[in-house]
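Hi,

Here is the structure you asked about. Please open it alongside this note; what I found follows below.

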Amino acid sequence: MDLKKFVGHLNEERAAMRVGKEGIEPNGLSLENMKGALSSLVESIVWTDQEGKIQWSNDPFDCLVEQKHKKVLGSKLIDLMPLMQNGHKLPSRLYPVNLLLDGEHQVRELYQWQKPSGKLLDLEVSGVQMDWNRSGKNAFVSFHDITEQKHTEEELREAQLQLIQAVKMESVGGLAAGIAHEVKNPLAVLQMGVDYLANSANGTGEIQAVLRDMKQAIVRADNVIKGLLDFSVSRKLEFVLSDLNPLVNRSLNLVKHELHKKQMTVVTDLAEDLPKICVDRNKMEQVFVNLYMNAIQAVLKGGTMRVKTYQKRLVKIGKVVGRRKTDIFKVGEKVVVAEIEDTGVGIPEANMDRIFDPFFTTKPLEQGTGLGLAVTEKIVQMHKASIDIENKPEGGVRVTLMFKVKGENG
Amino acid sequence: MVKRKILAVDDEPSFTRMLKRNLERTGAYEVEEENLGTRCLSTARRFHPDLILLDIIMPDVEGHFLLSQFKTDQTTRSIPIVFLTATLTKEEMRKNKGALEGVPALAKPVDMRLLLSCIEKYLKK
């Protein structure tokens with residue numbers, strides 16, 4: 001019998017109450033009987049007096065709060081179990097016991113409670129208010145630990161999201177490979193045609209300008225196709241154990257022309273003795289080149305790009321760091337980090353949620369296909385690494401890549 | 001000046017037509033078009049090209065198969081071959097140093113200047 005039914009039952013019986021040795025008793029149900037019945041439930045249950053002090057608790061509750069029964073009796077819930085809701089400390093007046101004593105007849109809410117041992121529990125708390133012996137209100141509260149259930153639900157949801165994403169990517173990939181061939185052939189005809197006209201139109205500068213635009217459009221379409229192909233999951237990665245720093249430098253070398261054009265300063269701070277990481281070198285070079293190009297295009301002439309590598313041990317739970325199976329990194333794991341910072345204009349906050357979306361771009365047409373970061377994220381995910389992009393308080397953007405170290409927590 | 005002979009093999013007639021126009025206009029080449037893979041070998045035997053531009057994905061025959069035919073036939077085995085294909089991206093070509101399984105290759109769409117320099121590099125001496 002659940003608590004609500006139980007109390008409903010009590011209320012039905014109330015009409016036939018009579019005065020017994022232990023005060024008011026429902027017909028055939030003494031307070032002692034009821035305590036016995038509640039003790040055998042697996043739910044953690046307490047009831048309090050009108051001041052919110054616990055008058056009775058069952059064994060599961062004492063175990064939940066890891067206190068002796070004697071200590072529990074007379075205590076207030078807020079002292080035994082400081083609750084939180086949505087990550088914030090719950091104000092005293094919003095405690096389920098206090099809500100009930102303030103006049104709510106019934107409550108049912110989800111809370112978190114961090115046990116003294118550090119373990120964070122998700123609790124479903126339900127309670128009713130009753131006037132047991134007409135001497136004042138009592139709060140009658142049960143606690144249901146739904147931590148495991150919530151974790152399972154979250155893992156399931158994340159697994160579903162990943163699956164949906166994987167299916168999407170696979171269909172994009174398959175489609176891309178097919179489209180690529182079919183679109184490149186007509187593009188090749190167009191390119192040949194434009195080359196032919198450009199060489200024969202000895203006429204006006206205007207015709208030449210039109211042909212130049214057409215040629216640029218062909219190059220752009222070709223770049224879109226290339227970007228789409230990068231999604232193709234059929235292109236398997238070739239992982240090799242590598243040092244990060246040479247990869248960082250090789251990629252820098254590939255954009256040195258662009259750096260020079262913008263008269264940019266590059267400051268590198270690459271840690272020595274980094275542990276090796278498992279990467280597809282070509283694909284990861286592409287990631288770095290994409291990120292460098294973004295930085296170069298974001299800064300004004302004479303700007304600065306900083307590239308830093310280091311290793312660290314993860315100590316805090318974060319977006320991609322946690323204890324769940326679905327977290328990419330575990331707390332305590334050692335990782336290799338690469339940071340790329342620019343002194344550009346930064347990313348408007350309104351765009352932050354969309355920067356990884358395919359075809360989302362704020363660059364001029366000839367500069368961006370909107371696939372750079374989408375491809376970058378895809379490659380990073382395939383490495384079981386992480387990418388984080390944020391605006392720096394002092395201006396400009398910081399991109400942080402985190403890589404797993406071979407032999408660290410799988 | 002003796003014109004050098006180029007055989008352009010591609011299932012897309014508009015592409016071989018464009019190739020022919022562009023190359024012949026330079027005055028340095030004579031171009032024969034072939035749009036059927038199955039007819040390639042006989043065309044090559046008759047035309048005696050100094051270089052063959054060869055597509056890979058064609059509806060009737062695969063470019064790789066044609067390559068092996070050319071390379072085993074007495075009359076065509078010494079003719080240089082350059083793949084001209086839409087199956088590769090330019091990036092992949094750069095990484096492969098302009099070759100596909102040891103055969104010089106160009107990725108479509110190709111720039112005329114690049115095509116001309118490639119032809120001049122591999123043309124039969």
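**Chain A: a loop, a sheet and a helix pair**

A:Glu51 sits in the loop between β3 (44-48) and β4 (54-57) of chain A. Keep in mind that this is a predicted model. Is A:Glu51 buried or exposed? A:Glu51 has 9 C-beta neighbours inside 10 Å, so A:Glu51 counts as exposed; the cut-off for exposed is 12 or fewer. A:Gly136 is 85 residues away along the chain, yet the C-alpha atoms of A:Glu51 and A:Gly136 are separated by 9.6 Å.

β3(A) and β4(A) are antiparallel and share three bridges. Look for A:Trp47, which stands opposite A:Trp56 in β4(A). Both strands belong to an open sheet of seven strands, with antiparallel pairing. The order is β4-β3-β9-β8-β7-β5-β6 (chain A). The edges are β4 and β6 (88-89) of chain A, and each pairs on one side only.

Now the whole chain. Chain A has twelve helices and 18 strands. Chain A has 410 residues, and 26% of them count as buried. Take the contacts in chain A between residues at least 6 apart in sequence: 60% of these join residues at least 24 apart.

One helix pair is worth a look. Helix α11 (residues 281-298) and helix α12 (residues 372-382) of chain A pack at about 145°, and their axes are 9 Å apart. Their crossing is left-handed. On α11(A), the contact residues are A:Lys283, A:Gln286, A:Val287, A:Asn290, A:Leu291 and A:Asn294. On α12(A), they are A:Gly372, A:Val375, A:Thr376, A:Ile379 and A:Val380.

Chain B has an open sheet of six strands with mixed pairing. Its order is β2-β1-β3-β4-β6-β5 (chain B). Which strands stand at the edges? They are β2 and β5 (99-100) of chain B. Each has a single partner strand, so one side of each is left without a neighbour in the sheet.

Start from strand β1 (residues 4-9) of chain B. β1(B) runs parallel to strand β2 (residues 29-34) of chain B, joined by six bridges. There, B:Arg4 has B:Tyr29 as its bridge partner. β1(B) also runs parallel to β3(B), through four bridges. Here B:Ile6 stands opposite B:Leu51.

α3(B) lies across β1, β3, β4 and β6 (103-107), at about 160° to β3(B).

Which residues of helix α3 (residues 63-72) of chain B are buried? They are B:Gly63, B:Leu66 and B:Phe70. Down the helix axis these fall within an arc of 60°, so they line one face of α3(B). In general, an α-helix has 3.6 residues a turn, so residues three or four places apart point the same way. The cover over the buried residues of α3(B) includes β1, α2 (40-47), β3 (51-54) and β4 (81-85) of chain B. The face turned away from the buried side carries exposed B:Ser68 and B:Thr72.

**Where the chains touch**

The contact takes 18 residues from chain A and 19 residues from chain B. On the chain B side, α1 and α4 (90-95) each give two or more residues. The largest share of that side is from α1(B), with seven residues.

Best wishes

Conventions: Residues numbered from 1 in each chain as written. Chains lettered and ligands numbered in written order. Predicted model: local features only at pLDDT ≥ 70, side-chain atom pairs only at ≥ 80, totals over all residues. Pairing = 2+ DSSP bridges. Buried ≥ 20, exposed ≤ 12 C-beta atoms within 10 Å, placed from the backbone. Arc of directions from axis to C-beta. Contact = placed C-beta atoms within 7 Å. Axes fitted to C-alpha atoms, helices over the stretch in contact; angles between N-to-C directions. Left-handed = near helix turned anticlockwise from the far one by under 90°.
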